[in-house]
Amino acid sequence: MSSYIKDLLQTHPGKNFDLHDAHLNTQMVRVLKTIGYDRVYTRASGPYLYDNQGNEYLDLLSGFGVFALGRNHPEVVQALRDVLDAELPDLVQMDVSLLSGLLAEALLKHCPPNLSKMFFCNSGAEANEAAIKFARYTTQREKIVYCEHGFHGLTLGALSLNGEEVFREGFGPLLPGCVAVPFDNLPALENALKNQDVAAFIFEPVQGKGVNIPSDSYLPEAAKLCRKYGTLLVADEVQTGLGRTGKFWAVEHWGVEPDMILMAKALSGGFVPVGAVAMTARIMDAVFNRMDRAVVHGSTFSKNNMAMAAGLATLKVIEEEKLVENAAKIGGEIVEGMRAMIPKYDFLKQVRGKGLMIAVEFGSPDGLLRKAAFAGLEAANKGLFSQTITIPLFKNHRILSQVAGHGMNVVKFLPPLVVTEKDRDWILRAMDQVIGDTQEVGGAIKDLGKNLISHALKQKAGA
């Protein structure tokens, strides 16, 4: 680390929240302070965070899925150092770089055989933007079909495919020709496709908002419908890809071969923003069909050497450390361990997941007092009960987690793929205690619930 950055860190210890309050998102600072997440982290290694008091936390957010390898993996750190030490020419633009070619080759080895071309960008949202453009140009159709409750990014085109109104409100008008259908509903999908005017069906194999898993027949039959009506099948694997669900791509669970696979998040080990689109040669050749169209779509920083090297190192680690297999094993054990708690706790309704993409769903209990307490939280703000899980999980057990989506009582876990059996046991012990505490209406749910309701009502009053 340069002395300049060292000096800045040493002369501004603990100023994170003051600086953000003054110059960045004040509301985010208020949220973190309200729920007690206002820690000052000073170090990170693998799946663990460490605060300025030396406390260790287990991170089950992994940067919304970015840190599949955990933080600061030495293999990726070394790859980045190698690039800097080599003084390579970078982003020459009127050139094609070696590292981007090598990463494309390495990624395509993991893709279905029908995908033979790659396009690099900087994020999952950019990958979705590219897919919209590529699908429209290839098919010469305008419409894009997406699923309700889906999430594809927050830039304007990607936002137009966003199935949650909380993200869309006030940002319209959005991209025309975008049509929502219910997830896991084949008749609705066929009805949207049957006029043969849809360029692409863009979907998450497992929906991130809620961790919604389709029935076994849905994606294979959706692929058949797309072929029948001439629509491109586009799998958004930005969150599910690179081993997250216990397969390298989530579509492998159902034997589906999309026309495009979108990826980002975990691809660079969390160090450098990077995204990509794997596609058929037909799509690449349609879009970039003449020499004067060689630069018809691109992204200035997309193939920078740091991102490409980080991607190559990430793939190497995933393969050598067998992280896809670890995600399937540890994730399955966490799901089964929490399912075993369902008969014990009437707030706990369902545990679902694929690999290390896990959802724990809560609902109204049977007991009269607990039912009334649950109803009081829901009346103040829908989905508020889930905070009686995530907040004590953090405060009492130092486990960082999140609610799976707006207005839902679903807690979501996206652990790094490097979590161990020790971490599995940590999670299960903590969840057993936290859920058990909610059963006592006079305890955790009363004290924490009163505080949450107070804040929720203040927010409603100020809205």
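Predicted model: local features only at pLDDT ≥ 70, side-chain atom pairs only at ≥ 80, totals over all residues.

Visitor: Where does Pro173 lie in the chain?
Guide: The peptide bond from Gly172 to Pro173 is cis, with omega near 0°. Most peptide bonds are trans. As for its place, Pro173 is found in the loop between helix 9 (165-168) and strand 6 (178-181).

Visitor: Is Leu242 buried or exposed?
Guide: Let's start with its backbone: Leu242 is a residue other than glycine with a positive phi, near 60°. Leu242 sits in the loop between strand 8 (232-236) and strand 9 (260-263). Its relative accessible area is 2%, and buried means under 20%. Therefore Leu242 is buried.

Visitor: What about Arg398: what is its relative accessible area?
Guide: Most residues other than glycine have a negative phi. Arg398 lies in the loop between helix 16 (387-397) and strand 13 (399-400). Arg398 is partly exposed, and its relative accessible area is 35%.

Visitor: Is helix 2 parallel, antiparallel, perpendicular or oblique to helix 3?
Guide: Helix 2 (residues 16-23) and helix 3 (residues 26-34) pack with their axes 7 Å apart, at an angle of about 140°. Roughly antiparallel would take an angle over 145 degrees, and roughly perpendicular covers 65 to 115. So helix 2 is, relative to helix 3, oblique.

Visitor: How do the residues of that contact divide into nonpolar, polar and charged?
Guide: Helix 2 brings Phe17, His20 and Asp21 to the contact, while helix 3 brings Thr26, Val29, Leu32 and Lys33. Sorted by type, the residues of this contact of helix 2 with helix 3 are three nonpolar, two polar and two charged.

Visitor: Stepping back, what is the radius of gyration of the protein chain?
Guide: The chain contains 18 helices and 15 strands, and its C-alpha atoms fill a box of roughly 70 × 60 × 45 Å along the principal axes. For 463 residues, a compact globule would have a radius of gyration near 23 Å. The protein chain agrees with that, so the value is 23 Å.

Visitor: And what percentage of the residues is buried?
Guide: Of the contacts in the protein chain with a separation of 6 or more, 71% are between residues 24 or more positions apart. The accessible surface comes to about 21,100 Å², with 54% of it belonging to carbon and sulfur atoms. Among the 463 residues, the buried share is 51%.

Methods: Residues numbered from 1 in each chain as written. Heavy atoms only, no water. Axes fitted to C-alpha atoms, helices over the stretch in contact; angles between N-to-C directions. Helix = DSSP H or I, 4+ residues; strand = E, 2+ residues; numbered from the N terminus. Parallel < 35°, antiparallel > 145°, perpendicular 65-115°, else oblique. Contact = heavy atoms within 4.5 Å. Nonpolar A, V, L, I, M, F, W, Y, C, P; charged D, E, K, R; others polar. Rg over C-alpha atoms; globule rule 2.2 N^0.38 Å. Buried < 20%, exposed > 50% of the residue type's maximum accessible area, 1.4 Å probe, protein only. Areas by Shrake-Rupley, 256 points an atom, 1.4 Å probe, with all protein chains shown as cover.
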